[in-house]
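This report describes selected features of a single protein chain, from its sheets to its cores and helix contacts. The sequence and the structure are shown first.

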Amino acid sequence: MNEMRAMANAIRALAIDAVEAANSGHPGMPMGMADAATVLFTRFLKYDSSTPDWADRDRFVLSAGHGSMLIYALLHLTGYEEPSLDDIKAFRQLGSPCAGHPENFELPGVEVTTGPLGQGLAMAVGMAMAERRLNAEFGDDLVDHRTWVIAGDGCLMEGISHEAAGLAGHFRLGRLNVLWDDNGISIDGPVALSSSEDVRARFRASGWHVTDCDGHDPEDVARALAEAEADPRPSLIACKTVIGYGAPNKGGTSGVHGSPLGASEAEAAKAALGWRHAPFEIPEDIAEAWRAAGWRGAEAHAAWRARVQASAHAASFTARMAGQLPAGLLDDYIATLRADPPKIASRKASENALAVLNPALPPLIGGSADLTGSNNTRTKDQGVFAAPDYAGRHIHYGIREFGMAAAMNGMALHGGLIPYGGTFLVFADYMRNAMRLSAIQQARVIYVLTHDSIGLGEDGPTHQPIEHLMSLRAMPNMAVYRPADAVETAEAWALAIEDAHRPSVLALSRQNLRPVRNADDGLEGNQTARGAYRLKAAIAKRRVVLLATGSEVEIALDAASVLEARGIGVDVVSMPCWERFAEQPRAYIDDLIPHDTLIAAIEAGVTLGWERWTGRDGLIFGIDRYGVSAPAADAYVHLGLTADAVVAGITEHLEAKG
């Protein structure tokens, strides 16, 4: 047996043993792609296993994340500190970093969390975009690497692969190379059961270079990878493989896709492969060959470090890749807003905040899914990111919301950039799974979601978000901001940028909003940071606390004025971010939402969820139906979200309670 095949068989053996021990997992893909992965990690991929966070390493993304034992075996064999052999023996068990699908926060060397098929490929597109953008700023000496992907048939069936391929081809991301595990098998059986498309033709039509190889012939794989490296276009390398390669009975069938081989088939597979070692045992000569592969990049790494030290960009590049940001970038701007508060839509207020941030913060890179003029995501200082000049910091994503969100995840996880992207709030549904992955991966991604309510008016129910705010708040580790005016919008931007391990949503209005904050309000510091704050204290004896977000804060203030005139004291609490409010000390929460007072909430969305704050005996003024096509003011009246309706509802409730 030659060395390359023996090294590949070490991957296969670990995958077989780990899945058998767990009695759970997907052995087929690691067994099928072991030869191609061995070629990649021993001859092409630029990395140093002793320093997983080397900024100029090649990025490797296992888009077919169900085959996670492939990357766990590769990391262990090439000498990464983690995972240990014991970690692999505990594959898929509680406490092991070797989770069912690769998780970026568990293991250095796992660049992104994958599992939802196609998103790894799409995140890799974002990583390749980040490499080109940083290269345009810092030059070849500091930024000069590739992004490699292993994707399966399922990845290329998912709709997001079309969006990702289109972006990569359009931007001519020639440093992106995708190895397609072309094994023709999915969970249900042969891919031909559900697909007859010409994948190669599709990628060629999107501007990709496409080549084929025998995925079990190391030299043919190397030929194809070298061809891909040399081509200026993104490359799809179709590696013809047998899923579960080596398994004499289950190989080449769906039976090896997502289930253990079983003891007898595992033994037979090892015999067929010529692997005569105990479970989890790697012979020293094979282990040494793999460790040497892991150290192969040390010389290139050392040369790169010397270039960084000699570079005039050394300090700024190092700080950039470490995610270090200057403090207080918007403090002076917020002070000017409070001194002269404007009546503008919060989407416009967002643009104005970005006009301050973008020139001062080079890591920011923005864009929109073909709604730039509506989302207000481009500022005058921003050039356009485009081939062959990648220096611009505004990206035209086209109508590819899902692809945009996944690409932003890739940029954020690549390091050196803080991506933000815009679309309408209602279209969060198109990119929800990528937003969920933002949260899971603790990625600093900022979603600028405008047209946040029935206040968008005439476009009607298909465009008016109703359930969206609450559904996004339901995502753990997602900060959802719905600011009430220009001051709160700027405060939300400051917080979103500072939040290094949590994505943010800025839900912004189409319609103009009356300012609710000013220099005389006595509210110093970033009030949005506390999630909710007392905007107006009761004058008469307090009987009501009104909670509101965004455009409904002014409704709350108007209702409070009427109620105060009737001798009913009302606190008005602006609540721009539930998640931050929930993180406050209990005493602060109880002070704003006391137990002995009627709590009423106002928001142009579903009422579901507000009970958390109002309690069972509170009132909720919201919309539990789809909207209407009408001017914004008429829609609010028709759907009962007015100060008069709030006053009537509260008065009736108080009178009924006596």
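## Basis of the description

Contact here means heavy atoms within 4.5 Å. Angles run from 0 to 180 degrees between N-to-C directions, with axes fitted to C-alpha atoms. The model is predicted.

Helix α21, residues 553-565, lies across β16, β17, β18 and β19 (598-602), and runs at about 170 degrees to β18. These strands belong to an open sheet of five strands with mixed pairing, in the order β16-β18-β17-β19-β20. At its edges stand β16 (533-536) and β20 (619-621), each of which pairs on one side only. On average, and with direction ignored, neighbouring strands of this sheet are turned by 30 degrees against each other.

Within the sheet, strand β17 (residues 542-548) and strand β18 (residues 569-574) run parallel and are joined by six bridges. V544 is placed opposite V570 in β18, and A548 is placed opposite S574 in that strand. Strand β17 is mostly covered, with five of its seven residues buried.

## The parallel sheet

A further open sheet also contains five strands; its order is β1-β2-β3-β7-β6 and its pairing is parallel. The edge positions are taken by β1 (59-62) and β6 (209-214); each has a single partner strand, so one side of each is left without a neighbour in the sheet. Neighbouring strands here are turned by 20 degrees against each other on average, direction ignored.

Two helices are placed against these strands. Helix α2 (residues 28-44) packs on the sheet and touches β1, β2, β3 and β7, its direction making about 170 degrees with that of β2. Helix α9 (residues 218-230) lies across β2, β3, β6 and β7 and runs at about 170 degrees to β6.

## Strand β3 and its partners

Which strands pair with β3? Strand β2 (residues 147-152) pairs with β3 in the parallel sense over six bridges, and strand β7 (residues 235-240) likewise pairs with β3 in the parallel sense over six bridges. Towards β7, L179 has I237 as its bridge partner.

Strand β3 covers residues 176-182, and seven of its seven residues are buried, so the strand is largely enclosed by the rest of the structure. The cover extends to both faces: L176, V178, W180 and D182 on one side are buried, as are N177, L179 and D181 on the other.

## Nonpolar cores

The largest nonpolar core contains 135 residues, and M69, M129, L176, W290 and M435 have the most contacts inside it. Helix α1 (residues 3-22) gives the most to this core, contributing twelve residues. Apart from this core lies another of 55 residues, which include M575, F581, V646 and I650.

For M435, the contacts beyond four places in sequence are A428, Y447, L449, L472, M475, M478 and V505.

## M123 in helix α5

M123 lies in helix α5, residues 119-138. Is M123 buried or exposed? The relative accessible area of M123 is 0%, and the residue is buried. Setting aside residues up to four places away in sequence, M123 touches V112, T113, T114, A406, N409, G410, L437 and Q441.

M123 and R530 are 407 residues apart along the chain, and their C-alpha atoms are separated by 32 Å.

## Packing of α14 and α20

Two packed helices are described by the angle between their axes and the distance between the axes. For helix α14 (residues 331-339) and helix α20 (residues 486-498), the angle is about 170 degrees and the axes are 9 Å apart. Angles over 145 degrees count as roughly antiparallel, and α14 and α20 are therefore roughly antiparallel to each other.

At this contact, Y333, I334, L337 and R338 in α14 meet A486, V487, A490 and E491 in α20. By class, the contact of α14 with α20 comprises six nonpolar, no polar and two charged residues.

Definitions and conventions: Residues are numbered from 1 along each chain as its sequence is written. This is a predicted model: local features need pLDDT of at least 70, side-chain atom pairs count only at pLDDT 80 or more; totals for chains, interfaces and linings use all residues. Side-chain values use heavy atoms; hydrogens and water are left out. Buried means under 20% relative accessible area, exposed over 50%, partly exposed in between (1.4 Å probe, protein chains only). Helices (H or I, at least four residues) and strands (E, at least two) are DSSP runs, numbered from the N terminus. Two strands pair if DSSP finds at least two bridges between them. A nonpolar core is a set of buried Ala, Val, Leu, Ile, Met, Phe, Trp, Tyr and Cys residues joined through side-chain atoms within 4.5 Å. Angles under 35 degrees count as roughly parallel, over 145 as roughly antiparallel, 65 to 115 as roughly perpendicular and the rest as oblique. Ala, Val, Leu, Ile, Met, Phe, Trp, Tyr, Cys and Pro count as nonpolar, Asp, Glu, Lys and Arg as charged, and the others, Gly among them, as polar.
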